[in-house]
Amino acid sequence: MFAYIIRRVLQMIPTIFGVMLLLFILFNWVGGDPSYILAGKSMNATTLANIRAQLGLDKSQFAQFLIFVKQVATLNFGISWSNQQPVSSILAARVGPSVTLTGFIMLVSTVLSISMASLVAYVRGSLTDRMVTLICTTAMSVSALVYIIAGQFWLAHKLGWFPVLGWGDSFAKNLVTYLPLPVLLGVIVSLAPDLRFYRSCFVEEMNHDYVRTARAKGLSEPKIMLKHVMRNALIPVVTSIMMSLPYLLVGALLLETFFAIPGMGREVIMAVDKSDFPVIKAITIYIAILTMIFNLLADIVYKLIDPRVQLK
Amino acid sequence: MSEPLVSIQNLRVAFRMEDGEPFEAIKGISFDIPKNRTVALVGESGSGKSVTSMAILRLLPSNAEFGAESKILFEGKDLLQEDPHALRKVRGGNIAMIFQEPMTSLNPVFTVGDQIMETLMLHMGMGRRAARQKAISLLTECGLPEPERRVDRYPHELSGGQQQRVMIAMAIACEPKLLIADEPTTALDVTIQKQILKLVADLQKARGMSVLFITHDLDVVGEFAHEAVVMREGEIREHSEIRKIFESPQDNYTKALIKCRPHLGRRPQRLAVIDDFMQGTPYKEPPHRPRGYSHGDEIILDVQGLHKTFFSREGLFGKRAFDAVKDVSFKLAKGKTLGIVGESGSGKTTVGLTLMRLHEATAGKAFFNGKDILSMTPKEFKAYKRRIQIVFQNPYASLNPRFTVQDILTEPMMLHGIGSGAQERRRLAADLADRVGLSSNALSKYPHEFSGGQRQRIAIARCLTMKPDILICDESVSALDVSVQAQVLNLLQDLQDEFRLSYLFISHDLSVVKHISDQVMVMHEGVLVEQADSDVIYANPQHDYTRELLASIPRGWPRDSFNAEGALAEA
C-alpha cells in the first residue's frame, strides 16, 4: 500500500510536467500577446516594450518556461497581470464562495440521488421506475440555462421567495439568504443524470448471484438492498463522485455568473478574457494536482470498499 | 414408508415472456423427497431441474407463475401459499441451498465469516461472538483448512473448492432439514469435485438431513444418491432407486443419458446421441476404435522445452515471476489427437495459447513441419497462422454477437485470401455450415439465436474455413450438456477422419480425453508429469498425480468391485 502511494505520487511529476508544457505552448503560440490588451488605447512601441519587460515576456521562451517551473514548484504564481494583486490572494478570496456553493450542491444531490436510486432500483420495472426514468431523460434534455433563468424569474422575481442574485460577507447570511436558490437549481440540474447512472449501478448489482444467496438465507428485501447490494453498488458511485470533486474548486460557472457570486468560475472567465496568464496558470495547475490527488484517493477508497481491488 | 419431508404435487411453472406469452417450464410434475435421503434431480439445460429447485424456496424471478393446483408441501404446509415472513423463516432455516458458482454466489465485499454469521444471527438469534465461534466450528466441519484464519478472509482469497465449502458451511449453519444443491460441483476441478461430493454425502449421513442434488451428469450422483428423478423438457421421464436407473433404466431418455457420456471402459467409433434412443429401435453400440500413436506416424508439430513465465509487479520496484509452463516437450502426429489434461492452473491452456502465439513463449521451440514457428517474425508466421486454429470453451463469448454466421465464416477466408470472390466464399461457408450440421437458413442468423452446442459448431466451422492442419480444442465441449457434448465429439471425430486433422485436445474431463485422444499428457502446476498412449496411461498410470486424477473420476453406478459407500470413503 505504502509502496503503491509512493509510486503514484512519483508518477504525478511527469504528468504535471506535461500539463505545464501544454499550457505554456497554448498560451505562447496560440493565445494573443497580452501586452497589447494591457496597453489598451495608449499603445505605442515604448509602452509595449515596458509592459513586456515588466511581465518578463522579453526573456527567451526557455527562460520563461524555467520561471514557470519555479512557480509551480513553490506554488507561487506571482502577480496578476490585470489588477497587479498577488495571484494567491485573488484565489484565496474566490475559493470560499465556490466551495460553499458547489459543496452544498454536491452534498445534497449525492444524498438525494443515491437514496432515490436505491428506491427506484428496488421497484425496478414498475410504473414508478419507468416514470422516473422518463422524467430524468426529459429533465436531462433541457439546458441548465433554462432552469437558472426560469428559477430566477418565477421563484425569485415573481414569487419573491429568494433574492434574485447577490452575495454577502457573512457566511451565515449567505447560507440562509443567497445560497438556497442557486443550490436548488444546481441540484435540479445534476440530479437527473446522477439518478439514472446510480439506478443502473443498483439494478446491475441486484441481478448478481449473491443476491439470490442472500434471499436463500432468509434475509428480508430491505436488508438485502441496504447491506448486500448497497456496498457493491457504491463502488462505481464513489468513483464518479471522486472524479467530480476537483470541480468543487472551479465552481459552477453558470450559477456564479447569473447569481453574481464572486467565485472561481467567474474569475476563470475574467482571466481568460484578459489573457491574465498567471491566474490561468495557477488555476489550471491546481486543478491538475487536485484531479490527480483525488484519483489516487478514489483508488484507495476503492480498496476500502472492495477487498478484491489490488493496488499495484 | 413414513411421511415425506417435502412433497411436490402437480407443480406447474410458467414464465411470462416479454411478448406476454407464457412459457411453460414445468408441466405438472410430482415427486417426494423422503426424510434422511438424497434425491438426485437429473436433466439437461432446459429440463426444468433448476426451476424446480428454485420453486421450493420461491426464488424464481417475478415473472414466474405457479399453476393453480400446484403444491409444495413441507411439514404439512404449502410453501407456495406461505406469506413472505413465514417463507423467510424456512429459507436458510429449515431449507438451505448451495449453488453452482461459489465465487459469484458469495458477496465479494464481506468476509466469509460475516456471511456465515449473518445466517446464524438471523435464524438462531446468536450474538456476534457466539456466531463467530459457531462459524469457525462449521468451517472446521466442512473441512476448510485453517478455519480460524480463513474466517476473516474474503471470498476471492479462497480457491473454488474452499468457496464451495464456505457455501456449504453457511447452508448447514442452522441445521436445515433439506439441503438443495444446485450443480454444486460443475464449476470445480475433478479432484475437488470428489472432495465436495464426499463432504455433502458425509454431512447428509451425520446430520440425517435430506439432500436434493441437481445435476446434468448422472455419473456424479451414482455413488451417493439414493434415488433419482430424470427430467426432460419440464416433465419427469423416470423416477426410481438409483440402482434401477443404472442397471435397468425403463425410459429411453434415461438410457440415452447413460450411454452418451464417454466412459473409461469403452470407446465406440461413435458416441450414442439422444436421437438413437428416442425412435424406439433398440440401440446397438458401434464397434470400438483402437487409438494410439504408431511408428509410421508423420509428426506435424514437435514442441521442445516450451516455457512460459508471467511477471507481476510487487513492492516499489519488485517483480514477481510465475512459471505457468515449465519445460514441456511433446509431439503431435498428423491425423491424431493429443489430449492435455490437468486442473485449473496446470498451464494446459497456456500451452495452447503459446503455440498460437497469442502469448509470447519465454523459451522453447515448436517445429511445425520442421520449421520453428516460435522464432518466426510475425510476417513469416502469417502463413502458418491459418494452419493452427483454436476452438474456445465459452461458445457464448467467443463469437462476435454483431456478426451473422455468414460474416463469421467468410471474414477469416477474406483475411487469408481463401476463395476467389465473395460469391465463392459464401458458397464455401454454406458448405461448411452444412458439414458441421447447421441448417441452411443458419447463415443469416446471429450467434445469440443458437444454442450452446450449435454455437460450438459455428466456432468449429469458422476454424475449418482456413483449412487448418492443427485444431486446438480448449475445453471446447466442457460447457455443453452431455448429449450435446456427444454430438460435438462425434463431429470432431468425423472431421478428423475426413480431413486428417490433428487435434490438441485440452480438457479437465478425463473420460472425454480418453475417448478422443491417441496420446495423453498430464499437466500439474506447469509441469508435464506423464505422457503415454491413452490406453496405457489410463490402465497403468505411473505418476501419483495421474493416479489421483483417475481416482477422482465419477464412476456412475459402481457395479463391479465398488460399492456405493466404499468408493467415496476412499477419497
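Visitor: A salt bridge is a side-chain nitrogen of Lys or Arg within 4 Å of a carboxyl oxygen of Asp or Glu. How many does a search of the whole structure find over all chains?

Guide: The search finds 39 salt bridges. This is a predicted model, where local features need pLDDT of at least 70 and side-chain atom pairs count only at pLDDT 80 or more, while totals for chains, interfaces and linings use all residues. Residues are numbered from 1 along each chain as its sequence is written, chains are lettered from A and ligands numbered from 1 in the order written, and side-chain values use heavy atoms, without hydrogens and water.

Visitor: How many are between chain B and chain A?

Guide: Two salt bridges. One of them pairs Glu118(B) with Lys227(A), whose closest N and O atoms are 3.1 Å apart. Glu118(B) is in helix H4 of chain B and Lys227(A) is in helix H11 (residues 221-244) of chain A, so this pair joins two chains. Helices (H or I, at least four residues) and strands (E, at least two) are DSSP runs numbered from the N terminus.

Visitor: And what area do the two chains bury between them?

Guide: About 2500 Å², with 61% of it on carbon and sulfur atoms. Buried area is the accessible area (1.4 Å probe) that two parts lose on being put together, summed over both. Chain B puts 29 residues into the contact and chain A puts in 22, where contact means heavy atoms within 4.5 Å.

Visitor: Which helix of chain B gives the most to that side?

Guide: H4(B), with five residues. The side of chain B that touches chain A divides into 15 nonpolar, nine polar and five charged residues. Here Ala, Val, Leu, Ile, Met, Phe, Trp, Tyr, Cys and Pro are nonpolar, Asp, Glu, Lys and Arg are charged, and the others, Gly among them, are polar.

Visitor: New topic. What pLDDT does chain B average?

Guide: It averages 89, and 97% of the residues score at least 70. Over residues 559-571 of chain B, though, the pLDDT is below 50. That score is the predictor's confidence in each residue, from 0 to 100. Where pLDDT is low, the predicted coordinates should not be read in detail.

Visitor: And where is confidence lowest in chain A?

Guide: In helix H2 (residues 34-39) of chain A, at a mean of 71. Helix H10 (residues 209-217) of chain A has the highest, at 93.

Visitor: Last one: how do strands E10 and E11 of chain B run?

Guide: Antiparallel, with six bridges joining E10(B) (residues 227-232) to E11(B) (residues 235-241). Two strands pair if DSSP finds at least two bridges between them. Arg232(B) stands opposite Glu235(B). The two strands form a hairpin with two residues between them, and Glu233(B) in the turn has a positive phi of about 50°.
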